[in-house]
Amino acid sequence: MLALFTTVVGSTLLGPSLSASSDHSPSNASPLVSSLLGAGVAHAQAVPVVPPGCTGRNLRFYQRGLEQGRGLVRAAWAGVNEDFDMLDQFQNVIIDNIERLTLPAGASEALVCRYTGTVDGVYDELDALYEEVANQCFMDGEMIGAMAAEVYCELSLALGGLASADRFLRGPVYTCGVNFEIACDSKFMGASRSFTNALGACLPYTQGTFAHVWDDTRNNQCIYEPPPTPATVPGDRLWGEGR
Amino acid sequence: MRSLVILPMVLFASALAMPSLADDDASATCAGDPRLERAYRAGFQGGVNIVDRAWRSGEGCPDLPRIERVVLDALARLIVPPGASAYVRCRAVGVGDGADKQLYLLRSACAREGTD
């Protein structure tokens, strides 16, 4: 994504200003544009770095743009109801819009600083949003994984092991889903292997003849979005089929 | 935030409403928000699946009361951690409802089998 930040700032924001000169090489750009060339790099840091060219009066324009950019992302995120599962699509839409942002030829330094601030603000907020979503989904996955392990172990110990059943097919996942599944899978594995209660340890039900049941249970309980399958009880199962 | 012990209540409430509980209906607290509804559905299918595994490990209908007791006991002991997000709570509610729904289907099927 960092490469994209740089590309965006370089190709859209600075592009028109550069094209106003006779040569597109940075060495022939105006001092302000040259100083802004590093603006995209600011996204690698927690707080955007003010471009050296945006000082004095222009600093206010940059900062105003920064707030505007952040506000734009927050407002747009609220517009999709802050749905974590929409994050990836949301980011693509925002980036697509930002990539088409251009400066008019002969833009003033104040305008260049304002535009740069806006782009920095947008990417800064997208980064923050990404981190927020990834962290929350990871924590959710850990909680579900721990609860699933507890149920699996309680049942396995009480019933002498569970049996094979349907294994859900995991489909593609995005930012939230991948964080959820990784956290849930790892928590389930760790918690079930160390689980003990009055009936004993769960470890034997995580290996050997139960390894596939344990793995299927992890897969099914930690799947982020299972395929729609109605619950049914086929008649031929009524008298059991053992494991 | 105080600790939430929701599954027993959910199971009790679901048992009362069982005949009208559709597979893809999120419970009232999780309805309206698409992501929470997906969380509920994922939990629901997980609940169905875990009961299915418990059921298949037994000896059929004569063994159902024991399996049901074990499943309900395990779910009743499950505590949603304090501070859990709405997503986690809805997924946990779904697990309880899915398990309860599957137990209900098994009870019904075994009752029919017993009267045939």
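## Ground rules

Two residues are in contact here if their C-beta atoms, placed from the backbone, lie within 7 Å. By that rule, 43 residues of chain B are in contact with 39 residues of chain A.

The model is predicted, so local features need pLDDT of at least 70 and side-chain atom pairs count only at pLDDT 80 or more, while totals for chains, interfaces and linings use all residues. Residues are numbered from 1 along each chain as its sequence is written, and chains are lettered from A and ligands numbered from 1 in the order in which they are written.

## The two chains

Let's start with the secondary structure, where helices (H or I, at least four residues) and strands (E, at least two) are DSSP runs numbered from the N terminus. Chain A has seven helices and two strands, and its elements follow the order α-α-α-α-α-α-β-β-α from the N terminus. Chain B has four helices and zero strands, which gives the order α-α-α-α.

For burial, C-beta atoms placed from the backbone are counted: a residue is buried if 20 or more others lie within 10 Å of its own, exposed if 12 or fewer do, and partly exposed in between. Of the 243 residues of chain A, 40% are buried; in chain B, buried residues make up 47% of the 116. Contacts also reach along the sequence. In chain A, 80% of the contacts between residues at least 6 apart join residues at least 24 apart, and in chain B residues 24 or more positions apart account for 81% of the contacts with a separation of 6 or more.

## Domains of chain A

Chain A is divided into domain 1 (2–132) and domain 2 (135–229), with bounds that come from an automatic or database domain assignment. Their contact takes seven residues from domain 1 of chain A and six residues from domain 2 of chain A. On the domain 1 side, α4 (87–99) and α5 (109–159) of chain A each supply at least two residues, and α5(A) gives the most, with three residues.

The side of domain 1 that touches domain 2 has three nonpolar, no polar and four charged residues.

## Where chain B meets chain A

On the chain B side, the elements that give two or more residues are α2, α3 and α4 of chain B. The largest share, 14 residues, comes from α2(B). By class, the side of chain B that touches chain A has 21 nonpolar, nine polar and 13 charged residues.

## A helix pair across the chains

Two packed helices are described by the angle between their axes and the distance between the axes. For α5(A) and α2(B), the angle is about 10° and the axes are 11 Å apart; axes are lines fitted to C-alpha atoms, for helices over the stretch in contact, and angles run from 0 to 180 degrees between N-to-C directions.

The contact is made by A:V151, A:L155 and A:L159 of α5(A) and B:I50, B:A54 and B:S57 of α2(B). These residues divide into five nonpolar, one polar and no charged. B:I50 counts as buried, with 26 C-beta neighbours inside 10 Å. Leaving aside neighbours within four places in sequence, B:I50 is in contact with A:V151, A:L155 and B:A99.

## The largest nonpolar core

A nonpolar core is a set of buried Ala, Val, Leu, Ile, Met, Phe, Trp, Tyr and Cys residues joined through C-beta atoms within 7 Å. The largest one has 75 residues, and those with the most contacts inside it are A:A148, A:V151, A:L155, B:V51, B:A54 and B:V71. Among the elements that each supply at least two residues are α3 (57–79), α6 (175–194) and α7 (211–221) of chain A, together with α2 (34–57), α3 (64–77) and α4 (86–115) of chain B. The largest share of this core, 21 residues, comes from α5(A). Domain 1 and domain 2 of chain A both give residues to this core, so the core lies between them.

Key: Ala, Val, Leu, Ile, Met, Phe, Trp, Tyr, Cys and Pro count as nonpolar, Asp, Glu, Lys and Arg as charged, and the others, Gly among them, as polar.
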